[in-house]
Amino acid sequence: MASSQLSSPIFYDHLIKEMPYGSLTENAHDAVKKSIQNCKACPLLTLTKPLPLNHSTAPIVVIGETPDDVLYNGKNGKRLADLLRKSDIHPSHVYTTSLVKCEESKDSSCCSQHLTAELLTLQASIIICLGYNVSLALMDAPQLGQYVNVMPNTSALVTYSFNDMTPEYEQSITSIMLEQFVYIKSVLKGMNRI
């Protein structure tokens, strides 16, 4: 295939050069979404990129390590969907993504520019990082339960990964995460974001 036919990824620094931060809108997110779905940034060119990347105006962003963590039909995604339901957060209020964009990969190094571009084009008030590894993408020294301001008008919460849920700790971790989600909903409701 000729290189002129390959789709080049869109990196956040290109977006910033082309338009001021305040005007990063749905159109910019559509370009980022297309770039992710057509990504050729790593040797894993033909891998499945299952993330829908919908709801770019949602007040909540949930970031998992892999697509399975946030796809509602995946093993861990079903847990996420259950937490959202129990905390009375409608899925349309949540944008889901992951560090790794390809289903078959575990290496996020080639995907990090995509996450940065996504976050710059979203309108989130809160980013929920599912696990320590995810939170390292946004902050230097994450601590469980910590809220950190990561962008203007956007905070990130460091919470558990669904992969931390061993049978002996599953109930207590689920309970903690549910409390966090309920708290987030109440804050966003007070801000008229939900």
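1. Two strands are taken to pair if DSSP finds at least two bridges between them, and the strands themselves (E, at least two residues) are DSSP runs, as are the helices (H or I, at least four residues), numbered from the N terminus. In this predicted model, strand β1 (residues 60-64) and β3 pair in the parallel sense over four bridges, with C129 of β3 as the bridge partner of I63. On β3 there are also five bridges to strand β5 (residues 154-159), again running parallel, and here C129 stands opposite V158.

2. The model is predicted, with local features needing pLDDT of at least 70 and side-chain atom pairs counting only at pLDDT 80 or more, while totals for chains, interfaces and linings use all residues. Residues are numbered from 1 along each chain as its sequence is written, and side-chain values use heavy atoms, leaving out hydrogens and water.

3. The average pLDDT (the predictor's confidence in each residue, from 0 to 100) is 83 for the chain, and 85% of the residues score at least 70. Over residues 1-7, however, pLDDT stays under 50. Over residues 19-24 the pLDDT is likewise below 50. Where pLDDT is low, the predicted coordinates should not be read in detail.

Definitions and conventions:
Contact means heavy atoms within 4.5 Å.
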